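This briefing goes through the structure shown below, topic by topic. Keep the sequence and the 3D view open while reading.

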Amino acid sequence: MLVPLDEGVRELVRDGDTVALEGFTHLIPVEAGHEIIRQGIRDLTLVRMTPDVVYDRMIGAGCARKLVFSWGGNPGVGSLHRFRDAVAGGWPAPLEIEEHSHAGMANRYVAGASGLPFAVLRGYTGTDLVGRTPNVKAISCPFTGEELTAVPALNPDVAIVHAQRADRAGNVQMWGITGVQKEAVLASSRALVTVEEVVDELEPVPGQVLLPSRVVTAVSVVPGGARPSYTHGYYVRDNDAYQAWDAISRDRERFAEWLRTEIHGLPPAREGSAAKESA
Amino acid sequence: MTSAAAEAPACTSDEMMTVTASRALRDGSACFVGIGLPSTAANLARRTHAPGLWMIYESGTLGATPSVLPLSIGDGELAETADTVVSVPEVFNYWLQPGRIDTGFLGAAQIDRYGNINTTVIGDYGAPKVRLPGAGGAPEIAANCREVVVIVRQSRRAFVESVDFTTSVGHGSGPGDRERLGLRGAGPTRVITDLGVLEPDPRTRELTLTSVHPGTTVQQVREATGWDLAVSADLRTTPAPDPHELAVLRSLTGRTPPTHDGRQGTR
């Protein structure tokens, strides 16, 4: 149940899996995403309502084959350059995309968590999102005949979320903005949760979401695991890091260097410094 | 020249736009707020004429009263100051979908003469010139809020004859389209720009210039529009921001770090 992050990722995430890292601005499991990059996992179908810097990094590192999402940007800053480069430039690999609205994605998780094949909503009607994917279809209400929209359930192989804390039995507690994480965990076959800390007893907190251990496959203690997003009650959002990501991610070489030093912990590959040393 | 300059208020065109947008919000109404200019306008309204404005951010914070402008829709302060925090499915299913929200505030990368909005892609979908963030909450905000207010800087690049991609439906291709599609809200009732205010013509549903900001000419607005912009017979001049509104706005933006960017639209 309690495992180191590298072991948790190795056991739960496989090449070709459909993986959902969720967290709506708050509690984004960034460090788990980094570990997926370090382990060189490939051909993933990445699912996430709001792919931001963590998916930009995973896409740029070549982990993804497909992205299912509803809003892809660097919140408050601008675009995701690695995502854009993959979509427009096929770098480092072509990226298939399937896009939805937030309401559609949220309902797809709800259907997945509920054991239903699809969800019904008032949405998408008249937009060009319809027709870009077979996963948005009109449906008539069997009682009134009213025309509504259906989207199929999302049932990822693995959900990965970050939370404030867990107890030793693997019950997980999170609070603040809890987004769609409960639904994502309940919709998935396996769930990996990174937490700030493990405690003996989970003191109730107003507005908490509690994930019983029976729906959690593995818990890893990763303090700071949501940075540069934030963990309510532990640390605040690092807005400067989101800003800095814009410059790092614009350029393929600069991004590759960032991967090398920040993710793989290797020394800088810059010819500049090597040349200086030999001279 | 001199007279236009004399009429211009002592504020920037963005300030003019934000203040005008804030005035579109009624006290006591519920507003679905996107990050950027909509959030600035809503927070300004709450501090001036609409202290009872109920702000909902799509992260699930209902009735948030932040002291600084949030940088993302999920900032911690939104949760701390909210009446309650609900899950994302609950925001969309229980609050937006049944029509509980009076005003939806949206941005746009492109908007056309019928107020249809594109935040998805510029150019061809399969081989885009610019890949934008995408839909987010906008399609259902545009469909289900009682009315929609759009805030966008006016230029030929943004105000186009027809959008490259319809992310959110405005008035479709004209009268009766929203009804035919089963969209229950009124759609865009105002498009507020840095040059003026456009409203759908009651008969044709085409966006029509109904107000120009002080110091701006009709010609300037038409030149910044990618279609032959209709002008209302009773064109008004937008009332300039009063000193209190400007002071509150500047104090708000002054307390917000510079990473804040209104250009991202529907966030």
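**Domains of chain A**

- Contact between the two domains of chain A involves five residues of domain 1 and eight residues of domain 2.
- On the side of domain 1 of chain A that touches domain 2 of chain A, one residue is nonpolar, two are polar and two are charged.

**Chain A as a whole**

- Chain A contains nine helices and 12 strands.
- The radius of gyration of chain A is 20 Å, close to the 19 Å given by the globule rule for 279 residues, so chain A is as compact as a globular protein of that length.
- Along the principal axes, the C-alpha atoms of chain A fill a box of roughly 80 × 50 × 30 Å.
- Of the 279 residues in chain A, 52% are buried.
- Taking contacts in chain A between residues at least 6 apart in sequence, 73% join residues at least 24 apart.

**A hairpin in chain A**

- Strands β6 (residues 137-140) and β7 (residues 147-152) of chain A pair in the antiparallel sense, over four bridges.
- Within this pairing, A:Lys137 stands opposite A:Ala150 in β7(A).
- β6(A) and β7(A) form a hairpin, with six residues between the two strands.
- In the turn, A:Gly145 has a positive phi of about 80°.

**Contact between chains A and B**

- The contact takes 49 residues from chain A and 45 residues from chain B.
- On chain B, α4 (76-81), α5, β9 (128-131) and α6 each supply at least two residues of the side that touches chain A.
- α6(B) gives the most to that side, with four residues.
- By class, the side of chain B that touches chain A has 19 nonpolar, 20 polar and six charged residues.

**Helix α5 of chain B**

- Helix α5 of chain B covers residues 88-96, and its buried residues are B:Val88, B:Pro89, B:Val91, B:Phe92, B:Asn93 and B:Leu96.
- In chain A, the buried residues of α5(B) pack against α5 (102-114) and α6 (181-187).
- In chain B, the buried residues of α5(B) pack against β1 (30-33), β2 (54-57) and α6 (138-144).

**The sheet of chain B**

- Chain B has an open sheet of 10 strands with mixed pairing, in the order β4-β3-β2-β1-β5-β10-β11-β12-β13-β14.
- The edge strands are β4 (84-85) and β14 (230-237) of chain B, each of which pairs on one side only.
- β1(B) pairs with strand β5 (residues 103-106) of chain B in the parallel sense, over two bridges.
- B:Cys31 has B:Thr103 in β5(B) as its bridge partner.

**Confidence**

- The model scores ipTM 0.93 and pTM 0.93.
- Chain B has a mean pLDDT of 91, and 92% of its residues reach 70 or more.
- Residues 1-6 of chain B have pLDDT below 50, and this stretch has three contacts in the model beyond near neighbours in sequence.
- Residues 259-267 of chain B also have pLDDT below 50, and this stretch has 41 contacts in the model beyond near neighbours in sequence.
- Where pLDDT is low, the predicted coordinates should not be read in detail.

Terms used: Residues are numbered from 1 along each chain as its sequence is written. Chains are lettered from A and ligands numbered from 1 in the order in which they are written. This is a predicted model: local features need pLDDT of at least 70, side-chain atom pairs count only at pLDDT 80 or more; totals for chains, interfaces and linings use all residues. A residue is buried if 20 or more other C-beta atoms lie within 10 Å of its own, exposed if 12 or fewer, and partly exposed in between; C-beta atoms are placed from the backbone. Two residues are in contact if their C-beta atoms, placed from the backbone, lie within 7 Å. Ala, Val, Leu, Ile, Met, Phe, Trp, Tyr, Cys and Pro count as nonpolar, Asp, Glu, Lys and Arg as charged, and the others, Gly among them, as polar. pLDDT is the predictor's confidence in each residue, from 0 to 100. The radius of gyration is taken over C-alpha atoms; the globule rule is 2.2 Å times the number of residues to the power 0.38. Two strands pair if DSSP finds at least two bridges between them.
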